[in-house]
Protein chains: 2
Amino acid sequence: MSVTAVPGFRAAGTSVGIKPTGKKDFAVVINDGPSMNAAAVYTSNKCKANPVKWSQPRTSDGQVRAAIINSGCANCFTGDFGFETTKLTAHAVADAVGCNADDVLVCSTGLIGTGGEDFRSRLVEGVPGLVESASAEGGSDAAEAILTTDSVSKEALAEGTGYTIGAMAKGAGMLAPSLATMIVVITTDAKLSPEQLDRALRSATAKSFDRLDSDGCQSTNDTVALLSSGAGAEADEAEFTALLTEVCTDLARQLMADAEGAAHDVEITVTGAVSEDDAVEVGRAVSRSNLVKTALAGEDPNWGRVLAQVGTADAKFDPENLDVSFNGVQVCRATAPHEDAAKVKFGRTITIEINLNSGQAEATIFTNDLTHEYVTENSSAAS
Amino acid sequence: MSVTAVPGFRAAGTSVGIKPTGKKDFAVVINDGPSMNAAAVYTSNKCKANPVKWSQPRTSDGQVRAAIINSGCANCFTGDFGFETTKLTAHAVADAVGCNADDVLVCSTGLIGTGGEDFRSRLVEGVPGLVESASAEGGSDAAEAILTTDSVSKEALAEGTGYTIGAMAKGAGMLAPSLATMIVVITTDAKLSPEQLDRALRSATAKSFDRLDSDGCQSTNDTVALLSSGAGAEADEAEFTALLTEVCTDLARQLMADAEGAAHDVEITVTGAVSEDDAVEVGRAVSRSNLVKTALAGEDPNWGRVLAQVGTADAKFDPENLDVSFNGVQVCRATAPHEDAAKVKFGRTITIEINLNSGQAEATIFTNDLTHEYVTENSSAAS
């Protein structure tokens with residue numbers, strides 16, 4: 001009930017038959033105010049899904065009354081018909097809630113290239129009942145209804161000084177920098193202007209979701225929305241931003257732990273960088289290597305493959321003076337073998353530290369290994 | 001015997017015990033002239049193996065008398081000791097052949113982070129016998145001795161006007177743009193200056209090896225060397241470049257077909273691009289997607305995943321007007337579903353055509369699918 005743990009919000013989640021399994025697939029989060037200030041960030045993919053094409057220009061005014069989300073169909077690459085479906089859905093929500101359709105954020109997640117008449121009618125006809133059932137107890141149902149190949153719901157909650165932040169997320173693959181196949185709705189009652197919410201959200205996502213790289217793939221539908229009811233206290237922007245970053249990092253770790261087919265959660269920390277950007281660039285280069293990721297699946301502390309990836313990064317460092325540790329064992333010092341790799345003990349979490357020995361900046365990238373299960377889940381025509 | 005099918009060259013391949021299997025692991029190609037003009041291109045990885053550090057500055061004068069290549073050990077990230085090993089090897093070859101050590105090109109391929117006293121002594125002590133056994137019949141032995149996880153030797157041969165081009169290659173993984181884990185030695189008797197050889201080699205590799213992307217990983221050891229004995233006719237540079245490009249493309253296809261764990265050879269052709277660079281950029285973006293590559297392993301013509309990757313490419317196109325065909329069946333037109341995906345017939349080779357509908361330029365990228373076998377081969381600590 002995280003998104004509805006925040007004063008001013010009601011939510012619901014139900015099944016309208018989009019998923020053939022009959023699982024919940026339709027959710028709404030409604031902001032009853034007094035304010036409806038909001039901010040949102042979207043995928044940077046140039047090929048955007050219809051809900052992103054609808055929502056992105058309409059949230060730029062910082063006003064969102066309701067977010068409507070379906071799972072089971074991404075409504076992506078479905079042409080004008082698909083955009084019209086999104087528009088009709090937004091209007092149905094506007095009618096049911098009593099607001100302007102331009103203040104309705106629409107999100108879809110699921111299969112790409114699908115979504116015809118049947119999908120449209122399930123959405124449009126499902127809206128009135130969904131909105132009617134929305135309540136301050138509906139957060140968990142909503143969190144469940146946005147899932148696709150996720151195995152568990154992802155929720156987070158944090159208390160600030162006189163306000164609360166609640167959040168729900170979905171995503172279990174295609175988690176890459178510049179967002180992922182990820183839908184996140186964050187609610188708060190903190191009194192903040194749209195500009196403050198926007199700054200806080202961009203800062204928080206840059207250090208959390210943007211540092212996830214599950215399989216290097218970038219989705220067409222990613223949306224992270226932050227809605228404020230203003231029913232709580234005026235918030236200190238710095239405190240709020242720090243708390244929001246914690247919430248987003250918590251969700252990012254939950255997403256990574258549930259990544260499709262992953263057997264290990266991997267944290268790649270790059271230290272000794274000239275700049276934080278360099279540290280992020282090096283971490284991403286390593287996190288994208290299938291050779292590194294398959295080695296991790298086999299619990300092989302293959303620092304040679306790590307350095308081969310470092311060498312492809314557009315960052316400043318001395319190739320002759322790189323250190324690499326796996327789970328605290330420094331298997332490579334000054335670009336040469338050091339401690340015995342057999343000393344490395346493996347568990348579910350693997351930490352790789354790469355010291356560039358060139359500066360003071362650092363950053364951590366979250367990724368996972370590349371397993372047989374990943375291939376199995378993603379090589380099926382049904383996925 | 002391709003490299004020795006060219007007048008002026010002798011070669012040999014033998015085992016000196018670097019590979020625990022006892023398979024051939026040491027090769028030499030010697031240019032007996034009259035000229036020893038040469039050109040070479042190397043990995044763009046900043047973290048370079050010791051043989052690359054030795055060879056790159058020493059081939060910039062366009063003179064190479066002999067190439068010495070070992071498999072089974074990359075001599076990479078092995079510090080000053082490793083560089084000294086390379087240097088001692090070059091000097092041993094110089095002594096045996098009767099030339100300057102600076103005219104000896106050294107290549108190593110195999111495991112990274114290994115190569116101690118035992119490796120060094122096997123190389124240095126093995127050189128005299130290897131050089132002595134070199135003959136005009138030794139090409140095939142040499143081609144076999146440079147292999148690592150390759151399942152077959154790769155050779156190519158072409159006849160120009162009054163001259164021949166012969167070549168051998170190894171590489172079966174880490175095949176990415178800007179070269180791959182790839183060692184290629186090309187011989188010719190065409191009379192060409194070092195500058196002509198350099199221009200021809202850069203042009204040929206840009207359109208062949210640089211358009212391979214097996215697993216997105218870039219090696220530390222890649223070397224492509226072109227040696228000219230000048231024993232044949234003066235060559236027309238344009239004809240020679242065209243022929244060399246054919247030879248390199250032939251080898252690139254052989255490398256892709258033997259990529260680790262691949263079940264499908266994939267050719268991604270991007271048409272209708274504003275520029276050839278744009279076409280290459282889009283093709284590479286698609287070829288790097290694990291979601292596309294796992295779909296291909298499952299023979300799923302998942303054009304949605306293809307377009308999701310196109311959308312991440314830094315190229316000019318209209319996201320609403322993209323066409324995708326699999327094996328000639330246009331499953332997507334104008335960024336929406338078109339022909340029935342069930343019509344696509346799959347075989348070992350899969351061709352994907354992406355029409356950006358924005359210009360006249362095109363390019364083809366060669367890649368392969370992502371299979372269980374890839375994970376198996378690369379998750380073993382021994383690989």
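Is B:Phe240 buried or exposed, and what is its relative accessible area? B:Phe240 is buried, with a relative accessible area of 0%. Buried means under 20% relative accessible area, exposed means over 50%, and partly exposed is in between, using a 1.4 Å probe and protein chains only.

Some ground rules. This is a predicted model, where local features need pLDDT of at least 70, side-chain atom pairs count only at pLDDT 80 or more, and totals for chains, interfaces and linings use all residues. Residues are numbered from 1 along each chain as its sequence is written, chains are lettered from A and ligands numbered from 1 in the order in which they are written, and side-chain values use heavy atoms, with hydrogens and water left out.

Let's turn to the aromatic rings. The whole structure holds six aromatic pairs over all chains. Rings of Phe, Tyr and Trp (its six-membered ring) pair if their centres lie within 6.5 Å; planes under 30 degrees apart are stacked, over 60 edge-to-face, and the rest tilted. Take A:Phe77 and B:Trp303. Their ring centres are 6.1 Å apart and their planes are at 35 degrees, so this pair is tilted. This pair crosses between chains. A:Phe77 sits in the loop between strand 4 (66–71) and helix 2 (79–97) of chain A, while B:Trp303 is in helix 9 (residues 303–310) of chain B. Helices (H or I, at least four residues) and strands (E, at least two) are DSSP runs, numbered from the N terminus. Both A:Phe77 and B:Trp303 are buried.

Back to B:Phe240. Its ring pairs with that of B:Tyr163: centres 5.7 Å apart, planes at 50 degrees, so tilted. B:Tyr163 lies in the loop between strand 6 (154–159) and strand 7 (164–170) of chain B, and B:Phe240 in helix 6 (residues 237–257) of chain B, so the pair ties together parts 77 residues apart in sequence. B:Tyr163 is buried too, at 2% relative accessible area.

Charges also meet rings. The charged end of A:Arg58 sits over the ring of A:Trp54, 3.6 Å from its centre. In chain B, the charged end of B:Arg120 sits over the ring of B:Phe81, 3.8 Å from its centre. The rule: NZ of Lys or CZ of Arg is within 6 Å of the ring centre and within 35 degrees of the ring normal.

Next, the interface. 53 residues of chain B are in contact with 52 residues of chain A. Contact means heavy atoms within 4.5 Å. The two chains bury about 4000 Å² between them, 59% of it on carbon and sulfur atoms. That buried area is the accessible area (1.4 Å probe) that two parts lose on being put together, summed over both. In chain B, B:Lys46, B:Phe77 and B:Leu291 lose the most area to chain A, together 16% of what that side buries.

Last, the annotated positions. An unreviewed UniProt entry marks a "binding site" that includes A:Thr148 and A:Lys170. UniProt positions are in the numbering used here, feature names are shortened, and annotations may be inferred rather than shown by experiment. A:Thr148 is partly exposed, at 29%. Its contacts, beyond four places in sequence, include A:Thr109 and A:Lys170. A:Lys170 lies in strand 7 (residues 164–170) of chain A and is buried, at 1%. Its side chain makes a polar contact with the side chain of A:Thr109 (2.8 Å). A polar contact is a pair of N or O atoms within 3.5 Å; within protein, one must be able to donate a hydrogen and the other to accept it, and residues adjacent in sequence count only if both atoms are side-chain atoms.
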